[in-house]
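Below is a short briefing on one protein model. It is grouped by topic for quick reading.

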Amino acid sequence: MKPATKFIHAGAEPDPSTGAIMTPIFQTSTYVQEAPGVNKGFEYARSQNPTRKALEEALAIIENGKFGLAFSSGVAATDAVIKLLTPGDEVICANDMYGGTYRLFTKVFERFGIVFKYIDTTNTKNVSDAITSKTKLVWLETPTNPLMNITDIAAIASITKEKNILLAVDNTFASPALQNPLDLGADIVMHSVTKYLGGHSDVIQGALVMNDADLREKLYFIQKSCGAVPGPMDCFLVLRGIKTLGVRMKAHCENGTKIAHWLRSHPKIAKVYWPGFEDHPGYAVAKKQMKDFGGMISFELKNDSVEEARRVLSSTHLFSLAESLGGVESLINHPASMTHASIPREERIKNGLSDSLIRLSVGIEDTDDLIEDLEKAIG
Ligand SMILES: *Cc1c(COP(=O)(O)O)cnc(C)c1O
């Protein structure tokens, strides 16, 4: 089945009791048992919920995986992956990634004795050089947030497979419509469902998708034992959001392409970060592993003062000043003071994230209106 069809039909079986085409919202905490231990496969809603089950099946199908698990947020999904590890284990991860992931690793899990090595994963050799006998997991994000760095998933997967190390990929920016890491050899795909999968800025949720049944059992055990499960209403909203993922991503990519090129030709813009430019260092890999380049764009102004960046950030009308991304509406964000404020300034600067960097999540409004809005704000 082709992706556009999958997005609409994945996990959607008519409700057996009524024929309802949409999976009902099973707003229940428990299930009545026929006799002690005799039930219909549902005992208590932290462990099983039919709306969540339908969504988890859909998530697996759209990521070309066997098993899906839904979590109450993207960071809860990441948290579950790290809980596969034990103190002393080492994790190799990118030095440019979502600020909340960095915070979870440095501020929570380092205290539990997990060791994280932050490196430039765009250079595959850096990853093989960083591996020791204690390395248990490589955590990738590609494209990265907010600098749009691209890491070659298949190349890293060939290293981790040989060394028997787990490879997890945060696929939030690309979404399953543009990139499928399991097909490239990853063991686990993580999503902040909050973003493109939900697609309408109305839900916080996370997901993991995998192929290995043992890994699924371990992660399911963590999901039910630690309890970061999403509610049925949120699962319903995401099931609905996924149906339009194909058309939404097409529109995000079209707008993203036009706006990236427009920004690049603007006399007041110094640099535009977008993997669809042929001179982007990750272009060849992006072209190989992604179906299109997405609607996430970052840029720097020629006047690189924080004041000028703040002026532009406060001057748009269609682009709302907000954290998050991937919704139908366009957003503008200042990583240094908003999404990535949890990363110490010197770390940020060292990794190329300047104080004046502006990040756009290009929505699916009319392109001309979006360009006019940016034109007026940049001046
Ligand atoms: C938002 C985001 C997360 C965290 O997800 P939440 O749903 O906010 O918990 C992780 N990775 C990336 C790339 C994100 O953009």
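**Helix salt bridges**

Glutamate 308 and arginine 311 sit three residues apart in helix H11 (residues 306–313), about one turn of the helix. The model is predicted. The side chains of this pair, glutamate 308 and arginine 311, form a salt bridge (3.0 Å, N to O).

- Glutamate 308 is buried, with a relative accessible area of 17%.
- Arginine 311 counts as partly exposed, at 35% relative accessibility.

**Helix H2**

- Arginine 52 and glutamate 56 make a side-chain salt bridge (3.5 Å, N to O).
- These two, arginine 52 and glutamate 56, are four residues apart in helix H2 (residues 50–62), so about one helical turn separates them.
- Both arginine 52 and glutamate 56 are buried.
- Lysine 53 and glutamate 57 also meet in a salt bridge (3.7 Å, N to O).
- Lysine 53 and glutamate 57 are four residues apart in helix H2, about one turn of the helix.
- Lysine 53 is partly exposed, with a relative accessible area of 43%.
- Glutamate 57 is partly exposed, at 38% relative accessibility.

**The sheet**

- Five strands make an open, mixed sheet in the order E8-E9-E12-E11-E10.
- Strands E8 (269–273) and E10 (320–321) stand at the edges with a single partner strand each, so one side of each has no neighbour in the sheet.
- Helix H9 (residues 245–264) packs on the sheet and touches E8, strand E9 (296–301) and E12.
- The direction of H9 makes about 10 degrees with that of E9.
- Strands E11 (residues 331–333) and E12 (residues 358–361) pair in the antiparallel sense over three bridges.
- Asparagine 333 has arginine 359 in E12 as its bridge partner.

**Nonpolar cores**

- The largest nonpolar core has 64 residues.
- Ile259, Leu263 and Leu360 have the most contacts inside this core.
- H9 gives the most to this core, with seven residues.
- Domain 1 (3–243) and domain 2 (245–378) each supply at least three residues to this core.
- Leucine 360 touches residues including Ile259, Leu263, Phe299, Phe319 and Leu374.
- A second, separate core has 29 residues, among them Leu69, Ala77, Ile82 and Phe116.

**A buried loop serine**

- Serine 354 lies in the loop between helix H12 (345–350) and E12.
- With a relative accessible area of 19%, serine 354 is buried, because the cut-off is under 20%.
- Beyond its neighbours within four places in sequence, serine 354 contacts Glu300, Ala336 and Ile349.

Note on methods:
Residues numbered from 1 in each chain as written. Predicted model: local features only at pLDDT ≥ 70, side-chain atom pairs only at ≥ 80, totals over all residues. Heavy atoms only, no water. Pairing = 2+ DSSP bridges. Contact = heavy atoms within 4.5 Å. Axes fitted to C-alpha atoms, helices over the stretch in contact; angles between N-to-C directions. Core = buried A, V, L, I, M, F, W, Y, C linked by side-chain atoms within 4.5 Å. Buried < 20%, exposed > 50% of the residue type's maximum accessible area, 1.4 Å probe, protein only. Domains from an automatic or database assignment. Salt bridge = Lys/Arg side-chain N within 4 Å of Asp/Glu carboxyl O.
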